[in-house]
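Open the structure in your viewer and keep the selection tool at hand. Each stop below names what to select and what is there.

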Amino acid sequence: MSDWRSTGKMQWGWFLIALAVLVLLPLVFDTYTMSLLLVWALFAMSLGLMWGYAGLLSFGHAAYFGLGAYTYAIAAVNIGESSVPLLLAILVPALFAAVVGAMMFYGRISDVYMGVITLVVTLILFNFMSATAGDAYKLGDARLGGFNGIPGFPTLNVPGYPQMSLAGVPTYYICVVALLGCYLLSRWILARSFGRLLVGIRENEARCELMGYNVPALKTAVFTLSAAMAGLAGSLFANWAEIVTPSVFSLRQTAEVLIWVLVGGLGTLLGPILGAMVLGAVKLYLGEQTVIDNSLVLGLLLIIVVLGVRRGVVPTLQSWWVARARRRARKPGARRRLGSASDRPA
Amino acid sequence: MSGVVETLDLTMRFGGVVAVDHVNFSLRERELRCLIGPNGAGKSTFFKCVTGQYRLGHENGRVLVRGSEVTGWPTHEIVRLGVGIKTQVPSVMNGLTVHENLWLAARRVHGWAGSNGAVEETMSELQLHALSRRLVGELAHGQRQMVEIGLVLVQRPWLVLLDEPAAGMTGPEVERLAGVIRRINQTASLIVVDHDMEFVRMLGSNVTVFYQGAVLLEGPADRVLNDARVREVYIGNRAA
Amino acid sequence: MDYAGVVVLEILYMIAFLALISAGLAIVFGMMRVINLAHGEFVMLGGYTTIACSKAGMDVYFAMLVVAPVVVAAVGLLVERLIIRWLYGRIIDTMLATWGLSLLLVGLVTLIFGTSAVSVPAPIPGYQLGSYQMGGYNLFIIGITVLLLIGMWVVLRFTRAGLIARGAMQGPDVVAALGYDPGKVYMVTFTVGAALSGLAGGVLAPLTGLLPSSGGAYIAKAFITVITGGAAVIAGTLSSAVIFCVINQLVSFASTPVIGEIAMLALAIILLRLMPQGITGRFFRSGT
């Protein structure tokens with residue numbers, strides 16, 4: 001096999017096709033739903049980066065999604081324009097994650113306890129935000145609103161021109177840029193030493209320390225990056241929904257993104273993206289009827305994936321594809337085309 | 001004049017048991033020393049204290065590496081000084097190939113550009129080329145041990161600490177390992193902890209015998225291994 | 001004087017509540033190192049069973065003390081055979097699978113009972129303590145919890161089943177060395193844990209309106225109580241329940257109930273960070 005399969009390779013062909021499709025989409029489809037799916041895809045990809053490559057499973061990734069949403073809303077109400085709030089929506093979750101991450105990783109807790117702590121952090125945020133009803137709870141001009149949340153904040157506008165709104169199709173394109181941009185950033189990181197180190201940490205943390213690497217610092221770094229992307233997704237979600245409520249911190253939200261990543265495929269970037277978009281679409285469709293309950297489907301799916309197809313859809317398809325190519329290569333005549341040593345069984 | 005490694009009054013307790021009892025130890029530059037002793041003598045605990053795997057406090061004594069105080073340092077900081085460590089329990093990345101494992105180790109020291117070259121060199125030294133693209137998890141135990149030695153070597157350390165490097169290796173592999181260790185000794189100092197008397201004899205170096213947490217005897221291998229006290233302590237061990 | 005009585009009873013009640021909802025999870029975690037994230041839904045099922053039976057005419061005490069545990073035990077048995085059994089040793093996978101299970105159960109219950117709250121009145125009337133009106137049912141809950149904990153302690157200490165269970169806590173090889181099939185022991189343990197969860201749900205059913213999503217409130221608290229408590233089933237659960245409730249009450253008293261809740265959760269994080277083996281991993285090592 002070839003080197004560093006585990007960090008994947010940039011497939012420019014597919015990327016450009018996807019880019020073209022997304023750019024031309026508004027001509028054929030309504031962008032409203034698609035924007036939401038893209039936001040969820042970014043959210044899922046952020047978790048997939050941390051979980052699939054560095055092996056860090058957070059049971060409360062919704063915390064950073066929610067923090068991004070709330071930060072945007074609060075900042076937008078106070079500032080009145082969208083550029084700085086968007087930036088803050090990335091920085092605040094990142095900062096929060098840096099603190100929580102450092103506390104966990106420098107404390108060398110096991111992955112079970114990481115799961116528990118991340119779960120509890122999200123619970124704290126949920127409980128806190130749900131209870132902030134009343135005028136007493138204000139950050140600047142923004143009332144936190146408790147269970148009802150914060151409605152009616154300024155949505156995205158052209159930087160510097162608060163009156164020129166970017167709602168509708170322009171927001172869709174912003175979501176496209178956000179997702180593809182973060183995807184490219186992640187691919188770049190994975191191709192660098194940092195990305196390879198993450199995989200090393202996932203495989204054997206103790207060994208990486210013995211090699212002289214500062215593992216807690218590396219884990220905190222990827223955790224922070226992942227939170228920043230989740231925060232970005234959260235702020236875009238706030239813009240799509242035009243209201244933020246404590247449900248962004250719900251266990252439901254965190255369970256869903258986990259299922260999207262797991263079903264889509266741990267260990268790839270594409271898996272979480274596709275998992276989120278497909279399962280998200282299914283959720284929206286199921287939401288419109290009452291016969292089959294969404295929880296039921298998601299729950300069943302999660303159980304099946306954990307028990308059976310543990311690797312998820314995309315990696316399974318990938319290995320199926322590779323196996324097929326290998327079978328073809330064994331046929332006489334095709335052998336000359338695939339000649340490199342890496343294709344011979346090890 | 002302090003040596004490459006020095007411990008002063010090193011002590012480690014587990015509950016009521018004193019595993020390492022006020023040990024004063026010193027390793028000279030370019031020396032190869034073997035640590036032996038029966039099970040429970042404290043040699044592995046001693047090893048873990050020196051490598052930072054047990055975090056030391058004031059009450060545990062002092063450890064110095066080339067004169068610098070490393071007491072209480074975390075492992076990765078000790079490694080960064082230029083120390084190579086192989087632990088008793090094999091610790092490699094099973095899901096990655098031999099090449100990938102070595103590359104990660106090389107990267108910290110040789111940078112992006114130099115790593116592939118360093119990896120090639122180490123694979124030649126240890127005859128791992130044939131296994132380069134194999135997943136480490138699929139290799140035999142002895143081969144995995146060799147890869148782990150590779151992970152240590154590729155960082156070109158000036159002090160090498162090996163805990164039971166020959167465990168699980170076949171006869172020819174053990175001989176090859178002894179040769180590798182002697183070659184390393186030309187440029188680096190070494191501490192080797194092991195049970196295998198044959199292996200220790202093969203290395204023919206100075207030996208420190210541990211017993212009940214303290215140093216029983218120190219000296220050249222042939223003298224120590226034939227000493228009556230050492231044999232007594234090893235009663236039951238067929239190699240003594 | 002009366003006020004002190006009220007406060008003490010409040011704290012006792014909260015501790016009992018926490019211990020009651022955590023008992024089932026503590027058994028499963030302490031004995032098998034399995035983290036069952038569907039535990040809250042087991043409790044919820046116990047509640048629904050009780051309410052449904054009570055509405056169908058059954059005596060409410062019979063429903064909550066007998067029927068609920070039996071029904072949920074049956075569910076637990078099914079879950080163990082179909083899901084948990086394949087995942088022993090894989091803690092994270094167990095957490096994921098049981099999280100899926102919890103979603104599944106919420107979905108099923110929603111399908112069967114709908115999304116509006118169901119309830120049953122508390123069978124014990126209130127009483128007067130000085131000038132304060134107290135809920136009589138709370139005393140019942142405290143009583144049941146005490147009986148439950150004593151019962152568990154007796155079983156673990158003095159019966160052969162308890163000995164096997166304590167052996168199982170050390171590992172499957174100990175169980176096998178005692179001559180018992182670890183698989184069977186774990187199956188029984190999980191079922192018993194489920195029964196206790198069902199009991200808790202049944203007993204707590206008269207308190208508020210029950211929704212399919214009620215499990216979510218239980219799991220969080222039970223979870224942190226058990227994990228912070230550590231491996232010892234009774235001592236662990238009790239000690240962390242006491243600590244959490246006391247802190248919660250103190251902080252609630254000083255500010256608001258919500259801040260009290262948050263303080264409790266924050267304390268959980270701090271304790272976990274400082275004592276990863278839980279309270280009983282650090283302090284009490286007797287095993288029960």
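Start by selecting His39(C). Beyond its neighbours within four places in sequence, His39(C) is in contact with Ile21(C), Gly24(C), Leu25(C), Ser197(C), Ile219(C) and Ala222(C). The model is a predicted one. His39(C) is found in helix α2 of chain C, residues 39-55. Is His39(C) buried or exposed? Its relative accessible area is 1%, so His39(C) counts as buried.

**Helix α6 of chain C**

Stay in chain C and select residues 160-170, helix α6. Which residues of this helix are buried? They are Gly162(C), Ile164(C), Ala165(C), Gly167(C), Ala168(C) and Met169(C). Now show what covers them. The cover includes α1 (2-32), α5 (136-158), α7 (172-177) and α8 (182-204) of chain C. Then step past the end of the helix. Gly171(C) follows α6(C) and has a positive phi, near 150°.

**All the chains**

Zoom out and colour by chain. There are 2 pairs of chains in contact, and chains A and C share the most contacts. Chain B and chain C are joined by no contact. How far apart are the closest C-alpha atoms of chain B and chain C? They lie 13 Å apart.

**Chain C against chain A**

Select the contact between these two chains. Chain C gives 37 residues and chain A gives 38 residues. The size of an interface is often given as the accessible area lost when the parts come together. Between chain C and chain A, about 3300 Å² is buried, and carbon and sulfur atoms give 85% of that area.

Which residues of chain C lose the most area to chain A? Pick Leu96(C), Trp99(C) and Leu103(C): together they make up 20% of what that side buries. Look for salt bridges across this interface and the rule finds 0.

Next, highlight α4 (91-113), α9 (215-229) and α11 (257-274) of chain C. These are the elements that give two or more residues to the side touching chain A. The largest share comes from α4(C), with 16 residues.

**Chain B against chain A**

Move to the other contact. Here chain B supplies 29 residues and chain A supplies 26 residues. The two chains bury about 2400 Å² between them, with 57% of it on carbon and sulfur atoms.

How many salt bridges does the rule find across this interface? It finds 1. Select Glu148(B) and Arg207(A) to see a salt bridge, with the closest N and O atoms 2.5 Å apart. The count of residue pairs in polar contact between chain B and chain A, both at pLDDT 80 or more, is 11.

Then highlight α2 (75-80), β6 (83-86), α3 (98-125) and α4 (141-153) of chain B. Each supplies at least two residues of the side that touches chain A. The largest share of that side is from α3(B), with 9 residues.

**A surface patch on chain A**

For the last stop, show the surface of chain A. Select Ile79(A), Val84(A), Leu87(A), Leu88(A), Leu91(A) and Val92(A). They form a nonpolar patch on the surface, with about 480 Å² of accessible area together. Helix α4 of chain A, residues 83-105, gives the patch its largest share, 5 residues.

Finish on Leu88(A), which lies in that helix, α4 of chain A.

Terms used:
Residues are numbered from 1 along each chain as its sequence is written. Chains are lettered from A and ligands numbered from 1 in the order in which they are written. This is a predicted model: local features need pLDDT of at least 70, side-chain atom pairs count only at pLDDT 80 or more; totals for chains, interfaces and linings use all residues. Side-chain values use heavy atoms; hydrogens and water are left out. Patches are made of residues with over 30% relative accessible area and no salt bridge: like charges are joined within 9 Å, nonpolar side chains (Val, Leu, Ile, Met, Phe, Trp, Tyr) within 5 Å. Accessible areas come from the Shrake-Rupley method with a 1.4 Å probe; for residues, only the protein chains shown count as cover. A salt bridge is a side-chain nitrogen of Lys or Arg within 4 Å of a carboxyl oxygen of Asp or Glu. Helices (H or I, at least four residues) and strands (E, at least two) are DSSP runs, numbered from the N terminus. Contact means heavy atoms within 4.5 Å. Buried area is the accessible area (1.4 Å probe) that two parts lose on being put together, summed over both. A polar contact is a pair of N or O atoms within 3.5 Å; within protein, one must be able to donate a hydrogen and the other to accept it, and residues adjacent in sequence count only if both atoms are side-chain atoms. Buried means under 20% relative accessible area, exposed over 50%, partly exposed in between (1.4 Å probe, protein chains only).
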